[in-house]
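Let's take a friendly tour of one protein model, stopping at a few places on the way. Keep the 3D view open as you read.

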Amino acid sequence: MPQFHTYFGTFSPTLQGLVVSAILITGAIFSLAAGYLSDRISRTYTIGIGSFLFAVGSAIFCAAPSLPLLFLGRCIAGAGEGLFLSTITVYTCEIAPTSIRGTLASIVQLFVTFGVASGYFVCYGTVRLQGTLAWRLPYGLQAVVATTLAVGAPLLPHSPRWLRAVGRHSDAANGWRRLGVSPAEAEKEEDTVNREASQHQELVPPTGTSHSKGLRIFGGLFAKDVRYRTLLGCFLMGMNQASGIDGVLYYAPILFTQAGLSATKASFLASGVTGIVNIVCTIGTMMATDRWGRRPATIGGGFTIAACFLVIGSVYASHGSDTQAGRWAIIILIYVFVVAFSVTWAVYNRIYASEIQPKHTRSAATSLGQSVNWIVNFIIALTTPLFLARSSSGPYFLFGGCTLVTALVCLAFQPESKGVSLEDFDEVFRESPWKVWLHRVRGSRAESL
């Protein structure tokens with residue numbers, strides 16, 4: 001935004017990457033604490049605290065008279081986002097009956113895409129304003145939204161699964177009623193919770209110091225029975241960012257300008273259209289989440305995303321971007337990528353990484369996965385402008401290669417989770433898909449003989 005550069009000066013690619021990614025490194029650190037904190041004080045209170053910190057950080061950024069305060073605001077906002085983002089995913093999965101868990105959890109992604117698109121169009125409008133208000137106003141509005149969440153989150157019903165885990169059994173039954181879950185559905189969910197509770201220790205053990213409890217919870221992430229799930233969830237959360245989605249969303253104006261849209265306003269408008277496409281696709285996915293399988297969506301989405309980026313990289317590498325047809329092909333493929341990501345990885349990977357964990361590790365594992373997500377996001381945000389300054393094709397080959405590897409890993413190691421109760425995943429993860437496939441092949445050969 002010209003007004004921002006007039007006030008702070010033009011940033012080098014390195015400084016631009018640092019400003020964008022400052023929010024991510026503190027998010028990664030505080031995300032590690034989110035699981036333990038939400039287990040101790042509840043999901044809703046942790047969301048409220050994180051939202052408050054995010055509002056404070058946004059307000060500091062909005063009022064920042066200098067670059068150091070701007071960085072401080074971004075870092076505080078990152079701390080808040082690290083606390084509330086993974087907790088929202090856990091809370092949403094836990095309050096949902098099995099039959100609608102995917103649909104309800106995808107609503108979170110819908111509002112994320114709505115926020116991204118809104119940000120583009122708010123900036124498209126405020127860029128017409130004179131002075132620093134052009135870039136301060138969007139962050140002021142962001143602080144208002146975060147404050148609303150901070151005030152409203154503690155008023156939400158507690159997760160019935162969390163209430164039962166901390167011994168508040170009567171409150172858990174009342175929680176299902178407050179959430180509008182039918183008695184029959186609530187009884188079914190309670191039965192599965194009780195079954196898992198008989199197999200694992202309670203989320204908050206009755207003895208031991210707070211420090212030892214925290215170490216025990218995080219140590220349990222790599223116990224023999226859940227190690228596979230933890231590693232798979234962290235891998236998916238990390239590769240969700242290595243797909244390049246935030247590289248596209250953060251630097252969409254630069255990407256579209258590089259592809260031939262030269263005007264600043266046109267670039268912002270093109271970025272906003274990308275956001276609208278993201279919203280529309282997410283709405284469609286939300287309606288079908290509990291009918292589609294997680295596994296085929298992740299694998300199919302990975303191959304589609306990889307194809308888009310590898311073709312874009314090839315167009316740049318062959319100097320096809322110098323032609324009108326080549327530039328339009330790049331823009332169209334970026335939109336195809338956004339559609340493919342929105343209807344597959346954007347929704348399914350986050351849900352999957354949380355839902356596959358047992359109750360006693362779910363919150364900590366989701367926090368760890370979100371931290372991995374933030375770390376990879378930080379690397380992408382920091383290096384993308386540097387990469388683009390040196391190579392137009394390189395980032396696309398990198399993103400395409402990462403998504404291709406992810407699709408192949410999921411093909412071999414990701415079991416299906418659609419329709420499985422949160423407490424029934426032990427059976428699902430007894431054998432990897434590649435082992436199941438190998439047994440079928442051997443069985444077929446034995447029958448033919």
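## A residue inside a helix

Asparagine 373 sits in helix α18, which spans residues 359-390; helices are DSSP runs of H or I with at least four residues, numbered from the N terminus. Because its relative accessibility is 2%, asparagine 373 counts as buried (under 20% relative accessible area, with a 1.4 Å probe and protein chains only; exposed is over 50%, and partly exposed is in between). Asparagine 373 and glycine 27 are 346 residues apart in sequence, yet 9.6 Å apart in space from C-alpha to C-alpha.

This is a predicted model, where local features need pLDDT of at least 70 and side-chain atom pairs count only at pLDDT 80 or more, while totals for chains, interfaces and linings use all residues. Residues are numbered from 1 along each chain as its sequence is written, and side-chain values use heavy atoms, leaving out hydrogens and water.

## A partly exposed valine

Now look at valine 273, which belongs to helix α14. With 33% relative accessibility, valine 273 counts as partly exposed.

## The second largest pocket

What lines the second largest pocket? Its lining includes Lys224, Asp225, Tyr228, Phe413 and Ser432. A pocket is an open set of points on a 1 Å grid over the protein atoms alone, where a 1.4 Å probe fits, with protein on both sides within 12 Å along at least five of seven lines; lining residues have an atom within 4 Å of a point.

By class, three lining residues are nonpolar, one is polar and seven are charged (Ala, Val, Leu, Ile, Met, Phe, Trp, Tyr, Cys and Pro count as nonpolar, Asp, Glu, Lys and Arg as charged, and the others, Gly among them, as polar).

Notes
Helices (H or I, at least four residues) and strands (E, at least two) are DSSP runs, numbered from the N terminus.
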